[in-house]
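Colleague: I want to learn how to read a ligand site together with the backbone around it. Can you walk me through one?

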Amino acid sequence: MTLTDEHLDDALAPVLDAARAAAPDVDATGRFPEEAVTALRGSGLLGLTLPADVGGMGGGPQALARALAHVASACGSTAMIYLMHVSAAMTVAAAPPPGHPKLLGQMADGTTLGTLAFSEPGSRSHFWAPTSQGQASNGTADAVTLDAKKSFVTSAGHADVYVTSTLAPPENAAGESAVDIYAVPAGRDGVSVAGPWRGLGLRGNASSPMTFQLDVSGDDRIGPSGGGFQLLLDAVMPWFNLGNAAVSVGLSQAAVDAAVAHASGSRLEHLGESLAQLPTIRAQLSRMSLDVTATRSYVDTAARSLASPDDGTMLHVLGVKAFANDAALRITDAAMRVCGGAAFSHHLQLERYFRDARAGHVMAPTADVLYDFYGKAITGLPLFE
Ligand SMILES: Cc1cc2nc3c(=O)[nH]c(=O)nc-3n(C[C@H](O)[C@H](O)[C@H](O)COP(=O)(O)OP(=O)(O)OC[C@H]3O[C@@H](n4cnc5c(N)ncnc54)[C@H](O)[C@@H]3O)c2cc1C
């Protein structure tokens with residue numbers, strides 16, 4: 001069955017209701033948005049981009065961008081939790097680990113929430129270059145002891161499976177900087193949350209540090225030993241960058257909607273006019289509205305390109321997140337300005353969009369790193385040297 005926008009919107013409706021109702025409290029208290037994640041688990045949407053033969057909905061990049069933008073408009077934290085699950089699921093789908101034959105089906109049907117545990121204190125936002133290294137525990141690359149500290153893991157302590165990276169053991173044939181990626185179930189001994197999460201924005205998404213100190217095997221590995229770097233490029237970056245851009249669009253649209261509603265409804269009684277009747281305010285609203293419209297169009301272009309790859313697809317993968325992240329900073333900043341002191345207080349929720357939008361920008365690959373990569377790509381320089 002082809003996934004239509006109507007079918008997608010029907011599946012989204014209960015998720016949006018739950019996410020929107022809880023978002024102010026999630027933001028104020030920094031708690032995980034359990035009710036929205038429960039709704040996501042029950043909606044089929046955790047399998048949105050997984051193929052029908054594993055129980056997924058078979059949706060493509062455009063469906064994901066649409067879903068994430070809607071969820072982000074309701075609750076940024078829920079949207080990022082959802083995106084990290086999809087990114088983990090698409091990594092698993094690229095090369096399912098042999099010891100976990102039911103994992104993909106469970107990630108599709110909502111039983112198993114996944115996330116990515118890549119960033120490390122040593123290599124910071126350069127998530128493609130872990131500094132932790134697995135040790136061969138019986139002299140082969142297939143039995144490995146992990147000893148990795150991860151600096152930020154969205155859904156830490158809430159996910160059921162962590163897709164995590166480390167350097168392959170030194171004796172690995174692929175070379176000393178070869179990366180391995182493993183699927184590690186949350187219940188294994190040696191998987192632990194290493195601190196609290198208190199963020200400026202996305203305050204509900206539990207992006208705490210974690211440690212992974214345990215034995216894993218080739219049965220847990222996603223792809224061949226030393227094949228992690230290619231998986232990061234081929235499976236993680238396209239979905240994560242597109243999805244992160246879509247989250248930026250959703251937060252931007254929410255800020256535009258809130259600013260338009262406030263400016264239209266707030267009156268200067270002594271002048272007998274609304275804020276929207278001030279030309280300066282109207283011009284700001286126009287720029288914000290056009291900015292989000294242009295950004296959504298570019299996200300759609302990138303999504304179409306990912307669905308039918310061509311020579312320009314890699315540039316879109318590099319450009320779309322940076323473009324949308326920067327637009328979200330501009331738009332949420334302008335919304336704060338347009339709505340003045342009312343935006344500064346919590347009741348409009350505008351300052352939540354403003355704070356949430358700043359997270360996507362610094363999530364790796366960061367917007368600034370992507371501009372650098374994009375510049376390298378258009379000038380014919382290698383990305384990683
Ligand atoms: C809300 C949130 C959720 C997150 N969730 C996850 C998660 O689920 N999984 C995960 O693995 N990680 C996650 N992260 C971590 C994230 O992906 C980054 O690794 C982290 O934000 C990097 O922070 P840092 O201070 O180490 O950045 P740094 O690497 O110290 O960067 C500092 C600045 O330097 C810039 N910079 C660095 N290198 C270059 C370069 N080559 N060119 C130009 N500029 C450069 C960066 O853009 C940034 O502006 C999350 C982070 C946040 C904030």
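Modeller: Start with a loop. Pro 365 is placed in the loop between α9 and α10. Keep in mind that this is a predicted model.

Colleague: Which peptide bond there is cis, and what is its omega?

Modeller: Read omega for the bond between two residues. Here the cis bond joins Ala 364 to Pro 365, with omega at about -5 degrees.

Colleague: Which residues come nearest to the ligand?

Modeller: There are 20 residues around the ligand, and Ser 119, Arg 124, Ser 125, Ala 364 and Thr 366 come nearest. Ala 364 also belongs to the cis bond.

Colleague: How do I read the polar contacts?

Modeller: Look for N or O pairs within 3.5 Å. A polar backbone atom of Ala 364 is 2.8 Å from an oxygen atom of the ligand. Thr 366 uses a polar side-chain atom, 2.6 Å from a ligand oxygen. For Thr 154, a backbone N or O atom lies 2.8 Å from an oxygen atom of the ligand.

Colleague: How much of the ligand's accessible area does the protein cover?

Modeller: On its own the ligand has 990 Å² of accessible area, and the protein covers 72% of that.

Colleague: Where does the ligand sit?

Modeller: In the largest pocket. Next, ask which elements build the shell. Those giving two or more residues are β1 (114–117), β3 (143–153), α9 (350–362) and α10 (367–378).

Colleague: Which domains supply at least three residues each to the shell?

Modeller: Domain 2 (114–225) and domain 3 (230–378) each do so.

Colleague: What is the make-up of the shell by class?

Modeller: Count the residues by class. The shell has 12 nonpolar, six polar and two charged residues.

Key. Residues are numbered from 1 along each chain as its sequence is written. This is a predicted model: local features need pLDDT of at least 70, side-chain atom pairs count only at pLDDT 80 or more; totals for chains, interfaces and linings use all residues. Side-chain values use heavy atoms; hydrogens and water are left out. A residue is near a molecule or strand if one of its heavy atoms lies within 4 Å of it. A polar contact is a pair of N or O atoms within 3.5 Å; within protein, one must be able to donate a hydrogen and the other to accept it, and residues adjacent in sequence count only if both atoms are side-chain atoms. Accessible areas come from the Shrake-Rupley method with a 1.4 Å probe; for residues, only the protein chains shown count as cover. On a 1 Å grid over the protein atoms alone, a cavity is a set of points where a 1.4 Å probe fits but cannot get out, and a pocket is an open set with protein on both sides within 12 Å along at least five of seven lines; lining residues have an atom within 4 Å of a point. A molecule sits in a cavity or pocket if more than half of its atoms lie within 2 Å of its grid points. Helices (H or I, at least four residues) and strands (E, at least two) are DSSP runs, numbered from the N terminus. Ala, Val, Leu, Ile, Met, Phe, Trp, Tyr, Cys and Pro count as nonpolar, Asp, Glu, Lys and Arg as charged, and the others, Gly among them, as polar. Domain bounds come from an automatic or database domain assignment.
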